[in-house]
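These are my notebook entries on one structure. I record below what I looked up, entry by entry.

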Amino acid sequence: MKFLLATVAATVIATVAFAADPVPADLRATALDIFKPLPSTYPAVNDNPITKEKIDLGKALFFDPRLSASGVFSCNSCHNLATGGDDNLETSIGHGWQKGPRNSPTALNAVFNEAQFWDGRAEDLKAQAKGPIQAGVEMANTPAQVVATLKSMPKYVDWFKAAFPSDADPVTFDNMAKAIEAFEATLITPAPFDAYLNGDDGAMTAEQKEGLALFMDKGCASCHSGINIGGNGYYPFGLIEKPGSEVLPENDKGRFAVTATADDSYVFRAAPLRNVTLTAPYFHSGKVWNLRQAVAIMGTSQLGEDLSETEVDRIVAFLGSLEGRMPEVVYPVLPAETGDTPLPSG
Ligand code: HEM
Ligand code: HEM
């Protein structure tokens, strides 16, 4: 009898232990069907062979505030590589202290997004880089003024020659964008999730693995997939239930502004989720400062599901496994202005 009781107890405990262990045996294999680990080195980009000279020039340009009309804003002002590649503001502040309309996404791993911006309106990073320099609320400059500024500093002219050796006139707005793209392609952050996908079982905690299982089971991964866990498809924000205007302001209709198609109203690119633990506040509106709250909103708005506290905790733990090793970026020393350098304005 004693033996029987012990056996029953052992069976019950075993059953409970099994039921309480939501990490399926085939977790990695299932994950590998949906996600891809980061490559071990930076990727190739279209029409822009990456060389050391281009990366070095691109880094100087990324940190140079003289690309802006006021001489105040560099790419790094809003994509601060010391703070997760973004600016930690609801929406960015640019030229003349203006508050822009959207939250700044991280520049880290952006090279893996299928298109750039919350609405995907730039096809790649070289197309993207020309936008902020000319945007009135960001850097408010003109291509001609940028080229004049760069040409006024002999060191920049040398660096452009080294980066684009076959060009007769290498200091151009297009080449500036290509160099910035080359530098941005090096901003990749391998994370515990990548180590796990590559076969290291110990790289993620049990809770992070439970969160990964939930992320796939619940359907988050149907939109946030691929190498960047997002950044690769467009969906209505509020697919099942539209969030209130305190999260989804009515005046920003997302891809509708790009395609002018009614079906694209409030459609946005599924946000890439690498390093999301570092990039509060969340959503294109930057209205949500807490990651648990952002996850719960996704549950109701995209899946029609009220996630439990434990489910949210586990998913947030999984998102923590996407926080990667930051690239080591040595702060560049920039060429000094000369008498020919246009003065800051505005
Ligand atoms: C978007 C890079 C300057 C604010 C982006 C993205 C990249 C990027 C790669 C797209 C990321 C993604 O879609 O996930 C750069 C570079 C800059 C620069 C290379 C310098 C040439 C700035 C400045 C500001 C800023 C100075 C702030 C004043 C933003 C905002 C977005 C954005 C708000 C999102 C805009 C939207 O989706 O409509 N930037 N950026 N950027 N950047 Fe920058
Ligand atoms: C944005 C997580 C399901 C589409 C986000 C953000 C997080 C997140 C944390 C904000 C990222 C940031 O601001 O940088 C999740 C989780 C999900 C889930 C944990 C499952 C519970 C989905 C689904 C879809 C989707 C199923 C598509 C139907 C989007 C879109 C955005 C986004 C379009 C950008 C929204 C905006 O414009 O601000 N997601 N997501 N998500 N997600 Fe999800």
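**Entry 1**

How do the residues of the shell around ligand 1 divide into nonpolar, polar and charged? I found 12 nonpolar, 9 polar and 5 charged residues in that shell. I note at the outset that the model is predicted.

In total, 26 residues surround ligand 1. I listed the closest of them as Cys75, Cys78, His79, Phe117 and Arg269.

I then looked up polar contacts of ligand 1. A polar atom in the side chain of Asn113 is 3.2 Å from an oxygen atom of the ligand. The side chain of Arg121 places an N or O atom 2.9 Å from an oxygen atom of ligand 1. For Gln128, an N or O atom of the side chain lies 3.0 Å from a nitrogen atom of ligand 1. As to secondary structure, the elements giving two or more residues to this shell are H4, S1, helix H5 (125-134) and helix H8 (173-184). Helix H5 gives the most, with 5 residues.

**Entry 1: the iron atom of ligand 1**

Which residue is the protein donor of the iron atom of ligand 1? I found that His79 is the only one, and that its NE2 atom lies at 2.0 Å. I located His79 in the loop between helix H4 (75-78) and strand S1 (93-94).

I repeated the search for ligand 2. There are 24 residues around this ligand, and Cys220, Cys223, His224, His284 and Met298 come nearest. By type, the shell around ligand 2 holds 19 nonpolar, 4 polar and 1 charged residue.

An N or O atom in the side chain of His224 is 2.9 Å from a nitrogen atom of ligand 2. The side chain of His284 has an N or O atom 2.7 Å from an oxygen atom of ligand 2. Strand S4 (267-269) and helix H12 (291-303) are the elements that give two or more residues to the shell around ligand 2. The largest share, 5 residues, comes from H12.

**Entry 2: the iron atom of ligand 2**

Which protein atoms are donors of the iron atom of ligand 2? They are NE2 of His224 and SD of Met298, lying 2.1 to 2.2 Å from the iron. His224 belongs to the loop between helix H10 (206-218) and strand S3 (234-236), whereas Met298 belongs to helix H12, so the pair ties together parts that are 74 residues apart in sequence.

I also looked up the geometry. The iron atom of ligand 2 has 6 donor atoms, and the angles among them run from 88 to 180°, an octahedral site. For reference, the ideal angles for six octahedral donors are 90 or 180 degrees.

Met298, with a relative accessible area of 24%, is partly exposed.

**Entry 3: backbone features**

The peptide bond from Ala280 to Pro281 is cis, with omega near 0°. Pro281 lies in the loop between S4 and H12.

Phe283 is also placed in the loop between S4 and H12. Phe283 is not a glycine, yet has a positive phi of about 75°. At 12% relative accessibility, Phe283 is buried.

Ile229, likewise not a glycine, has a positive phi of about 50°. I found Ile229 in the loop between H10 and S3. Its relative accessible area is 0%, so Ile229 is buried.

**Entry 4: Tyr196**

I located Tyr196 in helix H9 (residues 192-197). Tyr196 counts as buried, at 4% relative accessibility. Its contacts beyond four places in sequence include Leu27, Arg28, Asp201 and Leu212. Tyr196 and Arg28 are 168 residues apart in sequence, but their C-alpha atoms are 7.7 Å apart in space.

**Entry 5: the whole chain**

Finally, I looked up totals. The protein chain has 13 helices and 4 strands, and buried residues make up 49% of its 346 residues. Along the principal axes, the C-alpha atoms fill a box of roughly 100 × 40 × 30 Å.

Conventions
Residues numbered from 1 in each chain as written. Chains lettered and ligands numbered in written order. Predicted model: local features only at pLDDT ≥ 70, side-chain atom pairs only at ≥ 80, totals over all residues. Heavy atoms only, no water. Buried < 20%, exposed > 50% of the residue type's maximum accessible area, 1.4 Å probe, protein only. Contact = heavy atoms within 4.5 Å. Near = heavy atom within 4 Å. Polar contact = N/O pair within 3.5 Å; in protein donor to acceptor, adjacent residues only side chain to side chain. Nonpolar A, V, L, I, M, F, W, Y, C, P; charged D, E, K, R; others polar. Donors = N, O, S within 2.8 Å, 3.2 Å for Na, K, Ca; no water. Tetrahedral: all angles 85-135°; square planar, octahedral: opposite > 155°, others 65-115°.
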